[in-house]
Amino acid sequence: MNTLTERDAAAVWHPYAPMPPAYPAYPVIDAHEVYLTLEDGREVIDAMSSWWCMVHGYRHPVMSQAIKDQVDRFSHVMFGGLTHEPAIRLCEELLALAPSGFAHVFLADSGSVAVEVALKLARQQAITRSPQGTLDTSRMRLATLRGGYHGDTWGAMGVCDPEGGMHALYGDALGHQVFLPRPPAGYGRTSDDPALQTWAGDVSALIEAHRNELCGIVLEPVLQGAGGMYIYSPEVLRILRAIADDQGLVLIFDEIATGFGRTGQWWGASHADVVPDIMCVGKALTGGYMTQAAVLVTSQVAERLRQSPSEVLMHGPTFMGNPLACAASLASIGLLRTEDWKDQVAMIETRLHQGLSPLITVDAVADVRILGAVGVVELHHPIDVPRLTATALDAGVWVRPFGKLLYTMPPYIAQTHHIDTITAAMAIAVEHAERQ
Ligand SMILES: *Cc1c(COP(=O)(O)O)cnc(C)c1O
């Protein structure tokens with residue numbers, strides 16, 4: 001009998017990997033709280049929250065019970081023509097929790113699909129009919145910040161960073177969106193910051209030049225995640241809100257990574273008190289227990305779409321509104337509602353500062369940045385991922401670096417000693433990287 005690792009390598013295609021794989025995956029046989037148990041018996045801290053979603057940790061009794069209760073009622077029903085209380089309650093909860101101004105929610109089955117829906121909403125509401133009866137579809141393009149990541153489906157990929165998203169690979173097939181320069185780095189920049197003012201001027205000019213082709217602007221507020229773990233000033237959100245209003249564009253915030261407290265506030269948007277027209281949430285929505293995402297929409301966008309020749313939103317996933325996922329999301333939001341996460345994320349932020357900031361003196365390190373429960377160490381050189389991963393595992397921590405970035409987004413339930421173990425493992429990994 002072959003090992004799980006061997007069978008995996010033969011049959012299973014992993015994300016962002018060639019086939020057969022360049023290096024093996026580690027089988028997980030159990031998980032509880034912040035810990036993953038690997039097949040070889042090691043119990044390690046999950047510093048990734050399983051790609052940023054397991055905010056309450058594994059096998060949380062409230063989460064598990066909510067899903068068990070729902071499975072005993074019904075696991076799934078189609079959402080076309082049918083509805084159910086878990087979905088209704090979830091949409092109501094999301095509207096109550098989001099920045100005020102949203103009126104409707106479309107449930108999707110993954111973050112990428114939520115972004116597809118948001119882009120369709122922006123495009124469909126921009127379709128008009130001429131007095132002669134012909135359709136005007138001249139405003140189908142989106143403006144987006146360079147360095148962004150919005151998912152791996154075709155439309156979402158089109159608004160990812162052109163280099164990081166490997167647009168050139170696909171020729172013209174992805175379509176051509178309008179890429180805005182990345183805002184200057186750093187959370188603390190204020191409206192009188194010269195670099196920010198220059199950036200705002202450049203963005204205004206670009207959008208002005210394309211105003212007749214654009215329907216909206218899409219971005220990740222305050223923190224660009226998979227596009228580079230890049231932190232920028234909330235002032236950027238105010239600038240883009242003003243430009244969008246000026247030019248009649250729909251402003252879309254992709255809060256799939258930033259939502260539900262990860263950056264220290266409920267939403268990325270909360271840092272600036274700015275309300276977008278469309279907001280995508282996902283990842284931590286279900287506490288990581290099921291796959292689900294959601295798109296929040298203002299009544300103005302809904303009304304414009306209804307008045308447009310398209311009238312109906314042309315989207316409907318088979319597993320839309322899945323009751324198990326809704327039950328998980330409701331349970332997760334219930335746990336977050338106690339607001340314990342605020343102190344937890346503040347503690348994690350302080351501890352990450354203490355553990356990671358000193359690494360800036362290491363030669364291999366180009367930058368250290370921290371926001372909420374996100375800690376990032378950027379190296380000068382690309383990371384040898386299998387090697388660094390093995391080093392960190394030996395120090396008791398699961399991390400998954402990419403490019404030049406070693407980072408952590410721990411579960412909110414992590415205690416001080418967990419965070420200290422994570423930052424110690426990161427420090428060891430950085431020192432190893434330097435010696436290579
Ligand atoms: C992860 C992510 C997505 C894609 O979500 P999936 O559930 O992986 O499809 C989209 N946008 C952002 C900002 C993300 O972090």
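**Ligand shell, cavity and pocket**

Author: In this predicted model, a side-chain N or O atom of Ser 112 lies 2.6 Å from an oxygen atom of the ligand.

Reader: Which residues surround the ligand, and how do they divide by class?

Author: The residues around the ligand include Trp 52, Ser 110, Tyr 149, His 150, Glu 220 and Ile 256. The shell comprises four nonpolar, five polar and three charged residues. Glu 220, Asp 254 and Lys 283 belong to this shell and are called charged because Asp, Glu and Lys are assigned to that class.

Reader: What makes the space lined by Val 55 and Tyr 412 a cavity?

Author: The space is called a cavity because a 1.4 Å probe fits there but cannot get out. The count is one cavity of 30 Å³ or more, and the largest cavity holds about 30 Å³.

Reader: Which residues line the largest cavity, and from which domains are they drawn?

Author: Trp 52, Ile 256, Ala 257 and Lys 283 are among the residues of the lining, and these four also belong to the shell around the ligand. Domain 1 (4–59 + 340–435) and domain 2 (74–338) each supply at least three residues of the lining. By class, the lining has six nonpolar, one polar and two charged residues. Arg 262 and Lys 283 line the cavity and count as charged because Arg and Lys fall in that class.

Reader: Why is the space around His 14 and Trp 398 called a pocket?

Author: A pocket is an open set of points, so the term differs from a cavity, where the probe cannot get out. The second largest pocket has about 830 Å³ of space. Among its 29 lining residues, His 14, Ala 25, Tyr 26, Trp 398 and Arg 400 are the closest to its centre. Helix 1 (4–11) and helix 12 (385–394) are among the elements that each supply at least two lining residues. The lining divides into 22 nonpolar, four polar and three charged residues.

Conventions: Residues are numbered from 1 along each chain as its sequence is written. This is a predicted model: local features need pLDDT of at least 70, side-chain atom pairs count only at pLDDT 80 or more; totals for chains, interfaces and linings use all residues. Side-chain values use heavy atoms; hydrogens and water are left out. A residue is near a molecule or strand if one of its heavy atoms lies within 4 Å of it. A polar contact is a pair of N or O atoms within 3.5 Å; within protein, one must be able to donate a hydrogen and the other to accept it, and residues adjacent in sequence count only if both atoms are side-chain atoms. On a 1 Å grid over the protein atoms alone, a cavity is a set of points where a 1.4 Å probe fits but cannot get out, and a pocket is an open set with protein on both sides within 12 Å along at least five of seven lines; lining residues have an atom within 4 Å of a point. Grid points are joined across faces, edges and corners, and a volume is the space filled by probe spheres set on the points. Domain bounds come from an automatic or database domain assignment. Helices (H or I, at least four residues) and strands (E, at least two) are DSSP runs, numbered from the N terminus.
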